[in-house]
Amino acid sequence: MKKMLIATAAIAAATALALSGCSSRDGGSTGGSSDAAAAGFPADSLIGVALPSKTSENWVLAGGLFEDDLSAAGFKSDIQYAGASTTVKDQQDQISAMITKGAKAIIIGAADGGQLATQVQAAADAGIPVIAYDRLILNTPNVDYYVAYDNFKVGELQGQALLDGMKAKKPTGPYNIELFSGSSDDANSAVFFDGAMSVLQPAIDSGDVKVVSGQTDIKQTATAGWKAENAQSRMDSLLTSSYGSTELDGVLSPNDTLARAIITSVKAAGKPIPVVTGQDSEVESVKSIMAGEQYSTINKDTRNLVQQAVDMVSQLQKGEKVTTNDDESYNNGVKVVPAFLLDPVIVTKENAAEAYANDPTLLPLTQG
Ligand code: BGC
């Protein structure tokens, strides 16, 4: 069934954008198509891959996978990461350099989705198609395709896991929770948060769930730079200000790195670990889940996402129509970007072995 849920995202230079987090996936996707940039280019061309700084394990994995998969598809590659501190400028310079080097397509995991308009305009002027990888690029007509896991669904799964986890521990509410969201320069952050709130808001409205701090606005819950230390210090403050003698039942965390920081804070305060959600299936978080600390994560297998992006490049190379399966959800402020969305999977201790059955790194962690 199709759902149309509009998420209002305050992103990049206070531009309010309507990002709709709906998905057209109904079990299997049939795949529409779009024919932007259909000219084709030589089979051994250089492909640029500009990734953000390594704020989570998925980005580390993506670099190596792009190198392998682009090479297996016959391409040369130029893979660059933005640095930790001069992130935006680094990425802008790296994309400009890829254009100069003659890249025939550029895949971008945006460091700041609102600050690449000049660079992707230059790519368009040079006839180079641009694929937004994992994070949407905003406020420009010059992003041809988007490939990502369904971000809104990620949020919905996190919100539901939080409710389920709390109920499993304590059959009846009311439940006390706190909310965390990602970095405001990442277009995904608002979509994750809105997906989660679509599940949590009814429980908050009914009084079954209470955000004790009262901090429910994304501006209050944001974690600058997706940095663990920022989540940890906010959790420290929340515990001091709102949980002196009050029990904390759950925390919505948008990813694993932040989940572990939140758990560290709670432990340091000498409190019992609440139900904490996550995302990315990072090794340390899978271990934490199996040890009964972090409650859930999301499996967004990076191997599949990279392969999907490389498949798009191969279609562009041949001058074929690029396969997409969602041509309505991702409005970047200027246009709806044709997208291929993959299906995220919720993982708890209960289904971890099944969820990671095809993952040689994670599966052993689930087996005692
Ligand atoms: C990605 C997440 C990741 C976060 C921080 C988001 O854009 O979708 O998987 O945890 O960035 O790196």
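1. What share of the 368 residues of the protein counts as buried? The answer is 55%. Keep in mind that this is a predicted model.

2. On the overall layout: the secondary structure comes to 11 helices and 16 strands. Looking at contacts with a separation of 6 or more, 71% are between residues 24 or more positions apart.

3. Have a look at Gln158, which sits in helix 4 (residues 151-169). Its relative accessibility is 2%, so Gln158 counts as buried, the cut-off being under 20%. The Gln158 side chain reaches the backbone oxygen of Gly278 at 3.0 Å. Beyond its neighbours within four places in sequence, Gln158 is in contact with several residues, including Phe192, Leu252, Pro254 and Ile298.

4. Now the salt bridges, of which the structure holds 10. One of them pairs Asp186 with Arg135, with the closest N and O atoms 2.9 Å apart. Asp186 is in the loop between strand 9 and helix 5, Arg135 is in the loop between strand 7 and strand 8, and the pair links distant parts of the chain, 51 residues apart. Asp186 is buried at 3% relative accessible area, and Arg135 is buried too, at 6%.

5. Strand 5 (residues 76-81) is worth a look as well. Lys76 forms a salt bridge with Asp44, at 3.9 Å between the closest N and O atoms. Lys76 is in strand 5 and Asp44 in the loop between strand 3 and strand 4, so this pair ties together parts 32 residues apart in sequence. Lys76 is partly exposed at 47%, as is Asp44 at 45%.

6. Asp78 and Lys101 also meet in a salt bridge, at 2.6 Å from N to O. Asp78 belongs to strand 5 and Lys101 to the loop between helix 2 and strand 6, so parts 23 residues apart are tied together. Here Asp78 is buried at 9%, whereas Lys101 is partly exposed at 47%.

Notes:
Residues are numbered from 1 along each chain as its sequence is written. This is a predicted model: local features need pLDDT of at least 70, side-chain atom pairs count only at pLDDT 80 or more; totals for chains, interfaces and linings use all residues. Side-chain values use heavy atoms; hydrogens and water are left out. Helices (H or I, at least four residues) and strands (E, at least two) are DSSP runs, numbered from the N terminus. Buried means under 20% relative accessible area, exposed over 50%, partly exposed in between (1.4 Å probe, protein chains only). A polar contact is a pair of N or O atoms within 3.5 Å; within protein, one must be able to donate a hydrogen and the other to accept it, and residues adjacent in sequence count only if both atoms are side-chain atoms. Contact means heavy atoms within 4.5 Å. A salt bridge is a side-chain nitrogen of Lys or Arg within 4 Å of a carboxyl oxygen of Asp or Glu.
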